[in-house]
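Subject: Structure handover

Hi,

Here is the structure I promised to pass on. My notes on the helix and strand packing follow below it.

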Amino acid sequence: MKEILEKLVEGKINIDEAQTLLKAENILEFDEIAKFDVKRNERTGFPEAVFSPSKDYDDLILIIKKFLENNDDDLIITKLSNERYEKILEDLGKDSFIFDYNKRAQILVIRKEVKVKEKIAKIGIITAGTSDINIAEEARVIIEEGGCEAITSYDIGVAGIHRLFPQIAHMIKEGVRAFIVCAGMEGALPSVVAGLVDVPVIAVPTSVGYGVGEGGRVALDAMLQSCAPGIAVVNIDNGFGAGVFALTIVNSD
């Protein structure tokens, strides 16, 4: 970027040419396998992440190596099985980088160095049941990577709704800027939470359920149909998207 700006100042290129070069520099291509928006962190406050399940393992390793060679940001790998994580650890070498793997969330953060980040806000994360925790943990990793503090309370769904109210009260006292609410089955919990609070609620349907609720579609439809105001709904099992949306709310001030 500095080289491009110097050429502009020296009159070697015009402003339109500089704009084109800057746009091109923002995209990093790895052997026609992947294209990274390497300036996303500067532009949005959050780096790109790699969705791992559909990628060939050799391609995934290439992406990781090339990214870390060309970027100082942390690299996030989502939906990464423990088996693949162990293989990545073996192939890249335990001492080469700092590996932070959340087994429950199946999310890996690879760092070149540990950076101390000042907490910019607090986000509440709630699950209806224990089976929803893996998705909530994915969201927690993302918001912490984005510089927020997570206040969590799990297994406090509508089946025992008396458990919910003290946890909500605690989070409100802590000044959370948004709630991420993960629920499967009938997906009722986000509507209940939204009816109690005055900050945005990000509803995450999970694939927990059986019969008509299997796969999370019932929970998704229930959240989309909610009559409680202030709810935004992400896709089924999309803890990553919920975390990024919470960070967008925080960073929009």
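A contact here means heavy atoms within 4.5 Å; helices (H or I, at least four residues) and strands (E, at least two) are DSSP runs, numbered from the N terminus. This is a predicted model, with local features needing pLDDT of at least 70 and side-chain atom pairs pLDDT 80 or more, while totals for chains, interfaces and linings use all residues. Residues are numbered from 1 along each chain as its sequence is written, and side-chain values use heavy atoms, leaving out hydrogens and water.

Let me begin with a helix pair. Ile135, Glu138, Ala139, Ile142 and Ile143 in H6 meet Gly239, Phe240, Gly243, Val244, Ala246 and Leu247 in H10. Of the residues in this contact of H6 with H10, eight are nonpolar, two polar and one charged (nonpolar: Ala, Val, Leu, Ile, Met, Phe, Trp, Tyr, Cys and Pro; charged: Asp, Glu, Lys and Arg; polar: the others, Gly among them). The axes of H6 (residues 133-145) and H10 (residues 239-251) come within 7 Å and cross at roughly 35° (axes are lines fitted to C-alpha atoms, for helices over the stretch in contact, with angles from 0 to 180 degrees between N-to-C directions).

Now the sheet. Four strands form an open, mixed sheet in the order S3-S4-S6-S5, where strands pair if DSSP finds at least two bridges between them. S3 (49-51) and S5 (98-102) are at the edges with a single partner strand each, so one side of each has no neighbour in the sheet. S3 and S4 (residues 75-78) pair in the parallel sense over three bridges. Helix H4 (residues 57-70) lies across S3, S4 and S6 (107-111), at about 160° to S4.

Best wishes
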